Amino acid sequence: MSQKLETILNGKGPIKKIGVIGMGYVGIPAAALFADSDKFDHVLGFQRDSASSGYKIEMLNRGESPLKGEEPGLEELLKKVVDAGKFECTPDFSRISEVDAITLAIQTPFADSKALEPDFGALKDGIRNVGKYLRSGMLVVLESTITPGTTETMARDILEEESGLIAGEDFALAHAPERVMVGRLLRNIQEHDRIVGGIDQPSTDRAVELYSPVLTKGKVIAMSATAAEVTKTAENTFRDLQIAAANQLALYCESMGINVYDVRNGIDSLKGEGITRAILWPGAGVGGHCLTKDTYHLERGVKLGVEALDYPQDAESIYVLARRVNDFMPVHMYNLTVAALKRIGKDIKDSKIAMLGWAFINDSDDARNPPSEPYRDMIIAAGADLRVHDPHVLNYPDLEIHKNINEVISGSDAVVIFTGHKEYFSLKPDEIKKLTGNEHTVIIDGRNVIDPDLYIDAGFVYKGIGRGDKNRHEIVN
Ligand code: SAJ
């Protein structure tokens, strides 16, 4: 452990000035909460004055939030800390030299959804900027989701190279992964437990000092930097795995002719001390920017391990297999569509498909890595005609999204529910039948939205994820 760093930090005294790089949905609430704490004197929000996001600087300095969508309390808090002179946004990165602690909340998206490699370009630029203006005794914290080992290697190397200082001797370095969800940014930062991991004990302690004041219900959970990186990627990997387990069970139930939701209820009933069965929900697939990529961060991290991994010979990682199962669900939706159309003598290529729901999550406009996209690609490749409805998603590259559900459904041969938006729970079989004009219309339920019997009795050809008890029903004339 470095005595030198401890001495420097003690000499420097408590953290008073903080910098936050990345005025996005992670950095803005973090900066506002730091500024609102009476433990700290001033917070600088660093934002490049670029064509695409330079406008945020002026907005933030007026106390306005540039984030879209409702964020309870954020606008008021920004106004408060700006009026109190405790927060300001600046494009002048040289002012990093003024702060005692700097956090980096910069997105690490996939280079493209097919490439399973993250694009660390923007994060590296941010780290380089910090390195350029790094001073002895400063704390640097990475908040972005990163491959385990990044803080200890890539980040440390760039910071040391740019500054000539030594991590763990001259400056503190830590990882504190964000755990925020849009729509509840402030509450998540204040109430979720905060994982904080330094490259050494003085770094961890300094990071604990930084984050403790903004926590209300949450507590700090301290560990090493790499353990913090693994925690963040693994917490999403585990969720993806749980969903895959539910999806695989649904496929089994379809094959065995039973209702997966009966089985789910049965499994979920096993409770009692120490017994847990956190069975999640099967569905049309897994989208978003967390679960679709964090498994691959974890898998990359273990490859950088300090020791060769001891694992069953030639066995595939269950985490990667879980990703494959979840990414298979849109394919399964396609297979159900083809099979159901065949039952009414229609070939997919001559069919009109009405797709209800594009967003990756119910009642949201968030359409990052949506499972609906690979389904759409397969339908188009098969030569079918497709129209997409989504009440929340406004636009998406190369896609026309309709807002009038009747227009989307009218004349279609198949109605496919991809997202569980609440509007879809009130669909009526006779209204759909009138719109399609068919004796028998196909309806595919990817999110357990409709009651199969209502549609089967109305002459629909029904297929639903996990509904092995209904998917081979007689067609009612
Ligand atoms: N999904 C299922 N079955 C389920 C749950 C989700 O198919 O039982 C699908 C959803 O339809 C969606 C995808 O998985 O397409 C992801 O859903 P999600 O609820 O996990 O939402 P995310 O991707 O926004 O995950 C975020 C993560 N939060 C952070 O990274 C801070 C994740 O860690 C949280 O566990 C999750 O929210 C949550 O629990 O709300």
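Me: How many bridges pair strand 12 with strand 13, and is the pairing parallel or antiparallel?

Reply: This is a predicted model. In it, strand 12 (residues 414–417) and strand 13 (residues 442–445) are paired over four bridges, in the parallel sense.

Me: What sheet do they sit in, and what is the strand order?

Reply: An open sheet of six strands, with parallel pairing and the order 11-10-9-12-13-14.

Me: Which strands are at the edges?

Reply: Strand 11 (401–402) and strand 14 (461–464). Each has a single partner strand, so one side of each has no neighbour in the sheet.

Me: Back to the start of the chain. Which strand does strand 1 pair with?

Reply: Strand 1 (residues 17–21) runs parallel to strand 2 (residues 42–46), and five bridges join them. Lys17 has His42 in strand 2 as its bridge partner.

Me: Is strand 1 mostly covered or mostly open?

Reply: Mostly covered: four of the five residues in strand 1 are buried.

Me: OK, packing. Which residues have the most contacts inside the largest nonpolar core?

Reply: Ile18, Met23, Phe34, Val43, Phe87, Leu139 and Leu210, in a core of 43 residues. Helix 2 (residues 27–36) supplies the largest share of this core, with seven residues.

Me: What does Val43 touch?

Reply: Leaving out residues up to four places away in sequence, Val43 touches Ile18, Val20, Ala31, Phe34, Ala35, Lys86, Phe87 and Glu88.

Me: And what about a second core?

Reply: There is a separate one of 35 residues, and Val260, Ile348, Leu386 and Ile465 are among them.

Me: Changing topic: Thr151. Buried or exposed?

Reply: Thr151 counts as buried because its relative accessibility is 0%, and the cut-off for buried is under 20%. Thr151 is in helix 6 (residues 151–163).

Me: What is around Thr151?

Reply: Setting aside neighbours within four places in sequence, the contacts of Thr151 are Leu142, Ile146, Arg156, Leu173, Ala174, His175, Ile199, Ala225 and Glu229.

Me: Last one, cavities. How many of 30 Å³ or more turn up?

Reply: Three, from a search of the whole structure.

Me: What lines the largest cavity?

Reply: Pro177, Glu178, Arg179, Val180, Asn188, Ile189, His192, Asp193 and Arg194. By class, that lining has four charged, three nonpolar and two polar residues.

Terms used:
Residues numbered from 1 in each chain as written. Predicted model: local features only at pLDDT ≥ 70, side-chain atom pairs only at ≥ 80, totals over all residues. Heavy atoms only, no water. Core = buried A, V, L, I, M, F, W, Y, C linked by side-chain atoms within 4.5 Å. Buried < 20%, exposed > 50% of the residue type's maximum accessible area, 1.4 Å probe, protein only. Helix = DSSP H or I, 4+ residues; strand = E, 2+ residues; numbered from the N terminus. Contact = heavy atoms within 4.5 Å. 1 Å grid on protein atoms, 1.4 Å probe; cavity = no way out; pocket = protein on both sides within 12 Å on 5 of 7 lines; lining within 4 Å. Points joined across faces, edges and corners; volume = space filled by probe spheres on them. Nonpolar A, V, L, I, M, F, W, Y, C, P; charged D, E, K, R; others polar. Pairing = 2+ DSSP bridges.
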